[in-house]
Amino acid sequence: STTAAALQRKQFTTPLRTGALGTKKGMTAMYDPDGRRFPCTVVQMDRVQVVAHKTREQNGYFAVQVGSGWKHPSNVTRPLLGHFAEHKVSPKRDLVEFKVQDESGLLDIGKTIGASWFQEGQYIDARANSRGMGFAGGMKRHGFSGQPASHGTSLTHRAMGSAGQSQGGGSRVYPGKKMAGRMGGHQVTTQNVRVVKVDDAKGLIVLHGTSIAASTNEDSIANIAPTGSIPGPHGCSVKLSDAVKKPWPSVPTHLLEAQPTTEPVSNTA
């Protein structure tokens, strides 16, 4: 089990090109040709740029470091500020990396990735941190049915119940036992999300949201297999990449042109 063997195993599930970062703006609705209404999630891409590269010679794998948004230099640590200055890129609010198969998927540093990086009709995987809900009980966190509402139950209607046996099991609580605890606030991946519409001028990507009833028209969007909603609250950062369980889209791995990145106008008022 060498590093080369591990990379060979992951070759078929590693995307050919980099992903992108977007901000979840909210939800809306659209209509298919049959007049059926289906929910959609709107994601906006804000000054998404390639910041750095990871190569197999130096890091052991190929990856593209992507940043989005803008952050005032006074709010950026000096090591990270030097990292941006070294690659001649403005400070970014969010910074993530996307693994790629080989060096052909490494975009030039400073290139801007727009909404047209994804095509209408293709499938993508969306990753984001789920909404944190704090400390939750077993019924809310794991869907426990709870104790009986009557018939002798006293003050344990929503109690978890037994956490383990006293004999035969080591007199302990097994690791991974479903109990009350912190709920949410972890990364969630929604796979095979269909891109419904792309507005490159405004940087908007409209994604097919939750499931709806099937349609009789085979070409209808409503006849698509249902997918989960895009994770995270409004305003969170969403990582978008080509779906690994669908055929790779027939789009170029490199951008045709680099769009100039516009810096935000400073407020002098």
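1. Let me start with a cysteine: residue 236 has a relative accessibility of 13%, so cysteine 236 counts as buried. Please keep in mind throughout that this is a predicted model.

2. Cysteine 40 is also worth a look, since its relative accessibility is 0% and it counts as buried.

3. On to charged pairs. Searching the whole structure turns up five salt bridges. One of them joins the side chains of arginine 17 and aspartate 242, at 2.8 Å from N to O. Arginine 17 sits in the loop between helix 1 (3-9) and strand 1 (20-31), while aspartate 242 belongs to strand 11 (residues 237-242), so this pair ties together parts 225 residues apart in sequence.

4. How accessible are the two partners in that bridge? Arginine 17 counts as buried at 4% relative accessibility, and aspartate 242 is buried too, with a relative accessible area of 3%.

5. Another salt bridge links the side chains of aspartate 46 and arginine 47, again with an N to O distance of 2.8 Å. Here aspartate 46 counts as partly exposed at 26% relative accessibility, and arginine 47 is likewise partly exposed, at 24%.

6. Finally, have a look at lysine 111 and aspartate 108, whose side chains meet in a salt bridge at 3.5 Å, N to O. Lysine 111 has a relative accessible area of 17%; the cut-off for buried is under 20%, so this residue is buried. Aspartate 108, in contrast, is partly exposed, with a relative accessible area of 44%.

Technical notes:
Residues are numbered from 1 along each chain as its sequence is written. This is a predicted model: local features need pLDDT of at least 70, side-chain atom pairs count only at pLDDT 80 or more; totals for chains, interfaces and linings use all residues. Side-chain values use heavy atoms; hydrogens and water are left out. Buried means under 20% relative accessible area, exposed over 50%, partly exposed in between (1.4 Å probe, protein chains only). A salt bridge is a side-chain nitrogen of Lys or Arg within 4 Å of a carboxyl oxygen of Asp or Glu. Helices (H or I, at least four residues) and strands (E, at least two) are DSSP runs, numbered from the N terminus.
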